[in-house]
Amino acid sequence: MSHITSQMLIDFVYHEADLLDTKALDAWLALFAQDGVYWMPLQPDQQDARLMGSLMYEDRVLLATRVERLKGKRTFSQQPESRCHHLLQQPRVLQVHDQGGRTRTASHYTETRADEQVIYAGWATHDLQIESGELRIRCKRVDLVNCDAAFGNIQLFM
Amino acid sequence: MNAYATSNQALQSLIRSHEVHRDVFTSPEIFELEMQRLFSRTWVYVGHASQVPEVGDYFATTVGDQSVVMVRHATDDIRVIYNRCAHKGVQVVSEGQGNTGKYFRCPYHAWTYRTDGRLLAIPLKQGYDEAALAHCEASQGMKSVGAVHVYRDFVFCRLSEQGESFTDFFGDSLSTLDNMVDRSPEGKLAVVGGVFRYMHACNWKMLVENQTDTCHPMVAHESSAGTAVKVWKAAPEGTPKPAAVELFAPFVSPYEFFEGMGIRTWRNGHGHTGTADSIHAAYSPIPGYWEAMEAAYGEQRAKQILGEVRHNTVYFPNIMVKGPIQCLRLFKPIAANRTLVESWTFKLVGAPDELLARTLLYQRLINAPTSVVGHDDLEMYERAQRSLHTRAAQWVNVGRLQEQGEGQQPEAVVNGTSEAQIRNQYRAWLKYMTQEGAA
């Protein structure tokens with residue numbers, strides 16, 4: 001793949017959300033670059049993931065742990081299972097270049113479990129790059145509009 | 001529905017030596033009495049001096065169900081006053097922190113107060129009869145809590161004007177706070193990194209109990225910590241152990257490990273796990289830290305400080321402190337079935353940043369609302385909160401490794417899987433719920 005278009009970046013973001021909503025989590029995990037991270041800051045406009053708290057700042061090992069855990073027979077917080085739903089605004093392409101690009105996508109994310117349904121609103125920023133000929137996630141950053149609020153369990157991926 | 005308010009005997013009947021009645025967790029009346037009595041008579045954590053470094057800096061929070069503001073009134077004088085305007089009862093500052101300058105000003109009618117709460121000025125004061133106003137509660141301004149004590153920058157208060165002194169209440173348990181502070185080469189901590197706020201649909205005491213419950217990690221956290229270990233083991237040979245796995249793995253240590261960890265109890269419901277060993281004992285050294293400690297304290301003292309491996313120290317009623325990981329969890333009671341857990345992070349001033357990075361990693365992995373370990377625990381608390389409503393069976397068992405004469409010594413060290421500290425908490429609970437005298 002040599003020529004990245006804006007549409008390819010946009011399609012990637014929709015595809016990624018679809019994998020999450022259909023719980024194709026192994027396929028979702030494979031979208032991350034080897035050094036890819038999933039980041040959910042704890043504060044608005046947060047710049048530092050190391051010396052500031054974050055809700056999540058996870059590499060592939062930690063993401064794989066989550067994905068494996070969700071399948072576990074003794075994962076009682078998933079009995080019954082949670083489900084999720086992403087409603088995305090069309091991604092805005094902030095950068096596009098030979099090796100990838102960056103998008104920002106407003107979304108409403110719904111996570112349900114049994115009779116409980118919680119809706120979150122925020123923005124996802126995808127930093128995408130070519131790895132082994134495919135677009136991969138270097139960083140998916142999820143900024144919740146209320147990132148510093150008190151939350152109950154957030155068990156799936158936004 | 002006032003059975004407990006008027007009868008200490010009724011309260012006593014809830015706590016047996018090895019069992020606790022479900023009403024302690026489910027009854028709104030008990031919760032209300034806890035707010036009026038327990039959280040008034042005990043020394044409750046408010047905040048840390050580093051959150052209000054300058055004169056006029058404030059931090060608004062709650063003590064039990066009471067809205068308070070901690071404020072630096074003078075360089076060496078931190079006050080805790082009720083966050084309530086004497087006029088119409090309006091909350092004077094919203095929760096969070098800021099600097100109020102020389103005085104607080106109510107946003108409703110501009111009544112103003114000095115930072116010790118004394119009434120400063122009322123607009124159109126000529127409209128009040130001075131003698132009459134002097135007899136009104138309003139003339140007292142924003143009231144102060146009963147007593148405040150700042151211990152090595154940790155700010156505690158007792159809402160009640162009378163009661164046990166700070167020293168009597170905590171006794172030797174303060175050694176955990178000492179150790180956490182001493183881990184800074186400069187003997188100084190600072191609150192940094194933001195606060196994790198995690199809402200729990202359960203009673204606050206389930207969380208306090210869990211802190212020294214060493215028979216659950218290998219069971220409840222098999223799904224999280226156990227899976228992390230499994231995922232890492234599947235990595236190609238020679239892959240360095242990720243820091244996250246180093247933090248997760250000890251949770252699924254066998255029972256024997258936790259037995260050997262040991263538990264120490266102190267009077268008044270305080271106690272800790274990890275007298276001899278702990279899940280925090282075997283972390284990799286952080287480059288530069290030992291050198292800084294040795295330079296500050298000398299080899300022998302530095303070894304002594306860092307050789308302390310205390311795991312979770314419960315300061316009754318509602319905080320837990322981890323010295324080796326520099327965090328504090330505050331279990332804020334909201335209702336019988338609702339608790340806000342705040343996890344605060346401390347920086348060891350003068351120590352390498354890597355220590356702070358590790359604490360924040362720990363907080364993300366274990367204490368955040370997105371934490372898989374948190375999910376494991378909360379699921380258990382919520383299931384308990386639901387099923388404790390069972391009428392056919394009404395007692396919670398806390399009888400593991402109970403010994404004769406427990407609680408008669410000011411301090412005891414026991415097997416690490418004992419529920420002695422949990423029983424210790426319920427003895428303290430009963431003491432402060434039934435104590436005679438002013439609430």
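**Chain B and its interface with chain A**

Beyond its neighbours within four places in sequence, B:Asn83 is in contact with B:Ala60, B:Ser67, B:Val68, B:Val69, B:Val90, B:Gln91, B:Val92, B:Val93 and B:Met142. The model described here is predicted. B:Asn83 belongs to the loop that joins strand S5 (77–82) to strand S6 (96–99) of chain B. The relative accessibility of B:Asn83 is 3%, and this residue therefore counts as buried, the cut-off being under 20%. A polar atom of the B:Asn83 side chain lies 2.9 Å from the backbone nitrogen of B:Val92, and B:Val92 is also among the contacts listed above for B:Asn83.

The fold of chain B as a whole was examined next. Chain B contains 16 helices and 20 strands. Its C-alpha atoms occupy a box of roughly 80 × 60 × 40 Å along the principal axes. Of the 439 residues in chain B, 57% are buried. Among contacts in chain B with a separation of 6 or more, 67% are made by residues 24 or more positions apart.

Chain B also forms an interface with chain A, in which 36 residues of chain B are in contact with 34 residues of chain A. Within chain B, the residues that lose the most area to chain A are B:Arg364, B:Thr370 and B:His375, which together account for 22% of what that side buries. The two chains bury about 2800 Å² between them, and 59% of this area is on carbon and sulfur atoms.

The rule finds 15 residue pairs in polar contact between chain B and chain A, both residues being at pLDDT 80 or more. On the side of chain B that touches chain A, two or more residues each are given by strand S12 (189–200), helix H9 (222–233), helix H10 (243–248), helix H14 (353–367) and helix H15 (372–387). Of these elements, H15(B) gives the most, with 8 residues. By class, this side of chain B comprises 19 nonpolar, 9 polar and 8 charged residues. Across the interface of chain B and chain A, 4 salt bridges are found. A salt bridge links the side chains of B:Glu222 and A:Arg74, with a distance of 3.0 Å from N to O.

Technical notes:
Residues numbered from 1 in each chain as written. Chains lettered and ligands numbered in written order. Predicted model: local features only at pLDDT ≥ 70, side-chain atom pairs only at ≥ 80, totals over all residues. Heavy atoms only, no water. Contact = heavy atoms within 4.5 Å. Buried area = accessible area lost by both parts, 1.4 Å probe. Polar contact = N/O pair within 3.5 Å; in protein donor to acceptor, adjacent residues only side chain to side chain. Helix = DSSP H or I, 4+ residues; strand = E, 2+ residues; numbered from the N terminus. Nonpolar A, V, L, I, M, F, W, Y, C, P; charged D, E, K, R; others polar. Buried < 20%, exposed > 50% of the residue type's maximum accessible area, 1.4 Å probe, protein only.
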